[in-house]
Amino acid sequence: ISVYNSLQVNLERRFSRGFTLLANYTWSKMMDDLGWSNPFYRAFDYGPSVNDVPHAFHASGVWQLPLKAKGAAAWLVNGWALNSIVNWQSGFPINVVSGKDNSFSGENRDRADYLGGGNPNFGSRQHGQMVQQYFNTALFTVNPVGTFGNTGKGIIRLPRQFNTDMSLSKETKFGERASLQFRAEFFNVFNNVNFVNPRGAGIVNNVSSAQFGQLTVAGDPRIMQFALKLVF
């Protein structure tokens, strides 16, 4: 069983003086019972899909700088363009697993037992605290022998992802056919820390591990590159 609902809003606007903006926002909810842990009770495995992203926002902008000069100054002033891409989205949901085959199913899909006592997802905290303990690990334990674990599907929501890329380019023409193109690109221009790769790579969700609850992977920091190309 798989159920998907979504709502999408798109905005495209061409402003004066060479500026164009394209943006879209998507709200969605994806539920399924795939990736079973208890083959005798499939309803237990119905919950947020591994692809469930409740909120996603994407925007891109292009600005052809309205600079006009004549003569020798045109080589330096004309032809500049600024581009940007912004991506923000909620994190993916993951399960908390036992790390033990206490159900004797031979599949190693047992989930941990949830002890209750509160929401396991912490609120906003410092990066150092998130790395050491992203969620409240004290609320989980290994499932008893003969059980599949009682922790609900997708109980932990991974960190959100935010990234902004920008580029600055210039084209200088030489006659009718030749041109010199310069491009400066800045990836993750604000040097934002994005923990965890999509769908859970980079977080220890195994209650039997000594690193249980820790974040182990972060995305690339700010990267800059420059290019120069002659077209003729």
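I start with strands β1 (residues 2-14) and β2 (residues 19-32), which run antiparallel and are joined by 13 bridges. Strands here are DSSP runs of E with at least two residues, numbered from the N terminus, and two strands pair if DSSP finds at least two bridges between them. This is a predicted model, where local features need pLDDT of at least 70, side-chain atom pairs count only at pLDDT 80 or more, and totals for chains, interfaces and linings use all residues. Residues are numbered from 1 along each chain as its sequence is written, and side-chain values use heavy atoms, with hydrogens and water left out.

The hairpin has four residues between the strands, and Arg17 takes a positive phi near 60 degrees.

β2 also pairs with β4 (residues 55-64), antiparallel, over nine bridges; there Leu21 faces Gly61 in β4.

Next, Thr151. Where does Thr151 lie? In the loop between β8 (140-141) and β9 (156-157). Thr151 counts as buried because its relative accessibility is 0%; buried means under 20% relative accessible area, with a 1.4 Å probe and protein chains only. A polar atom of the Thr151 side chain is 2.5 Å from the backbone oxygen of Ala112. Contacts of Thr151 (heavy atoms within 4.5 Å), leaving out residues up to four places away in sequence, include Phe44, Val96, Arg111 and Phe140. Ile156, under that sequence cut-off, touches Val96, Tyr134, Phe135 and Phe140, among others.

Note on methods: Buried means under 20% relative accessible area, exposed over 50%, partly exposed in between (1.4 Å probe, protein chains only). A polar contact is a pair of N or O atoms within 3.5 Å; within protein, one must be able to donate a hydrogen and the other to accept it, and residues adjacent in sequence count only if both atoms are side-chain atoms.
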